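Please read them with the structure in view, point by point.

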Amino acid sequence: MTTLRLRPEDPADEAPVARVLAAAFARPDVATPPEVELVDELRHSDAWIPELAMVAEYGGEVVGYALLTRVRVRSDGDAAPAPALALGPVAVAPHRQRIGHGTAVVQAALDAATELGERLVVVLGDPAFYRRFGFERADRMGLTSPWSGLGEPWQALALPPSTSGEAPPPRGEVIFPPPWAKV
């Protein structure tokens, strides 16, 4: 029986991940979807956290991907922006969609982030999909970004604290690394 294997990306996965992203985000008006370049640029930036680039492998083939990278939240009065994470892109090969691989790879990435002690994740995406993980409108959590005006698709998730006395997740403006400006 073939099972879905969830694990952090390794260097040999770069080309298969690019293929999954290209297939999942294919559009007739572009040769290569911007999500492919986004991931490549994030890999070579300070935002990259290797343990939070998750692949879903089925039968030895990379069929899914979920990426969490570093963003910062600038609050009024704070000397230094607080760390947070951005989820995306998330992709599943078209021939493996709608059977749970996307849910599994996103949950694996969120679990890994929780294990690392991360507190906040933001995403721009389909509320019906991300709600199952506990995401809610980011504006209700006091978070703004260049995508705030999109309403419901701009979402956030507070991850469980690692200690009972931990402060709540930060509020303020989410600052994305430069590669995100191209998407």
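1. Strand β4 supplies the largest share of the lining of the largest pocket, namely seven residues. This is a predicted model, and the volume of that pocket comes to about 850 Å³. The lining counts 33 residues, of which F25, V90, A91, F129 and Y130 are the closest to the centre of the pocket. Besides β4 (82-92), the elements α2, α3 (101-115), β5 (120-124) and α4 (127-130) each give at least two residues to the lining. Divided by class, the lining residues are 21 nonpolar, seven polar and five charged.

2. Helix α1 (residues 14-24) and helix α2 (residues 34-43) pack with their axes 8 Å apart and at an angle of about 145 degrees. On the side of α1 the contact is made by E14, V17, A18, L21 and A22, and on the side of α2 by E35, V36, V39 and R43. Sorted by class, this contact of α1 with α2 holds six nonpolar and three charged residues, but no polar ones.

3. Which residues of α1 are buried? They are P16, V17, V20 and L21, and they lie on the same side of α1 because they cover an arc of only 135 degrees around the axis. What covers these buried residues of α1 includes α2, β2 (53-58), β3 and β4.

4. In α2 the buried residues are E35, V36, L38, V39, L42 and R43. Seen down the axis of α2, these buried residues fall within an arc of 165 degrees, and therefore they line one face of the helix. They pack against α1, β3 and β4, and one of them, L42, is also in contact with T69.

5. T69 has its place in strand β3 (residues 61-74), and it is buried because its relative accessible area is 0%, where the cut-off for a buried residue is under 20%. If its neighbours within four places in sequence are left aside, T69 is in contact with L42, A47, W48, A84, L85, A86 and W180.

6. Not counting residues up to four places away in sequence, R119 touches L157, A158, L159, P160, P161, E166, A167, P168 and P169. One of these residues, P168, has its place in the loop between β8 (154-158) and β9 (172-175), and at 68% relative accessibility P168 counts as exposed. The C-alpha atoms of P168 and V122 are separated by 15 Å, with the two residues 46 places apart along the chain.

7. The loop between β6 (136-137) and β7 (143-144) holds R140, and M141 lies in the loop between β6 and β7 as well. R140 is exposed, with a relative accessible area of 60%, whereas M141 is buried, with a relative accessible area of 14%. Leaving aside neighbours within four places in sequence, M141 is in contact with L120, E136, A156, L157, A158 and R171. For M141 and L157, which are 16 residues apart along the chain, the C-alpha atoms are separated by 8.8 Å. For R140 and V183, 43 residues apart in sequence, the distance in space is 24 Å, C-alpha to C-alpha.

Note on methods:
Residues numbered from 1 in each chain as written. Predicted model: local features only at pLDDT ≥ 70, side-chain atom pairs only at ≥ 80, totals over all residues. Heavy atoms only, no water. Helix = DSSP H or I, 4+ residues; strand = E, 2+ residues; numbered from the N terminus. Buried < 20%, exposed > 50% of the residue type's maximum accessible area, 1.4 Å probe, protein only. Contact = heavy atoms within 4.5 Å. Axes fitted to C-alpha atoms, helices over the stretch in contact; angles between N-to-C directions. Nonpolar A, V, L, I, M, F, W, Y, C, P; charged D, E, K, R; others polar. Arc of directions from axis to C-beta. 1 Å grid on protein atoms, 1.4 Å probe; cavity = no way out; pocket = protein on both sides within 12 Å on 5 of 7 lines; lining within 4 Å. Points joined across faces, edges and corners; volume = space filled by probe spheres on them.
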